[in-house]
Amino acid sequence: MHPSVVVDERYADRSRSFDSWNTGGARVRVGAWHVPLADLLNATVAAGLRPVRFVEAGPEGVPDLFGFLAVR
């Protein structure tokens, strides 16, 4: 059986959340604010930065981390 990744209506919710898949992680202790990917990338461009490279990482082919390099 393959695990499911669900994107639901909470994707656009920008309120502080303590929900986490990792019970020992920082999010569950201090909370975090979700930023939709489009908002993050648009803010980068609005700040005058030029995206150069994007990477994703995660277990078993399901990314849970996203990073990017941008230059001025």
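Colleague: Which strand holds leucine 65?
Modeller: Leucine 65 is found in strand S4, residues 65-71; strands (E, at least two residues) and helices (H or I, at least four) are DSSP runs, numbered from the N terminus. This is a predicted model, in which local features need pLDDT of at least 70 and side-chain atom pairs count only at pLDDT 80 or more, while totals for chains, interfaces and linings use all residues. Residues are numbered from 1 along each chain as its sequence is written, and side-chain values use heavy atoms, with hydrogens and water left out.

Colleague: Is leucine 65 buried or exposed?
Modeller: Leucine 65 counts as exposed because its relative accessibility is 56%; exposed means over 50% relative accessible area, buried under 20%, and partly exposed in between (1.4 Å probe, protein chains only).

Colleague: And what is leucine 65 in contact with, leaving aside neighbours within four places in sequence?
Modeller: Its partners are Val55, Glu56 and Ala57, where contact means heavy atoms within 4.5 Å.

Colleague: New topic: how many salt bridges does the structure hold?
Modeller: There are three, each a side-chain nitrogen of Lys or Arg within 4 Å of a carboxyl oxygen of Asp or Glu. One of them joins aspartate 39 and arginine 14, at 2.3 Å from N to O.

Colleague: Where do aspartate 39 and arginine 14 lie?
Modeller: Aspartate 39 is in helix H2 (residues 37-46) and arginine 14 is in the segment before strand S1 (16-17), so the pair links distant parts of the chain, 25 residues apart. Salt bridges that share partners also join Asp8, Arg10 and Asp19 into one network.
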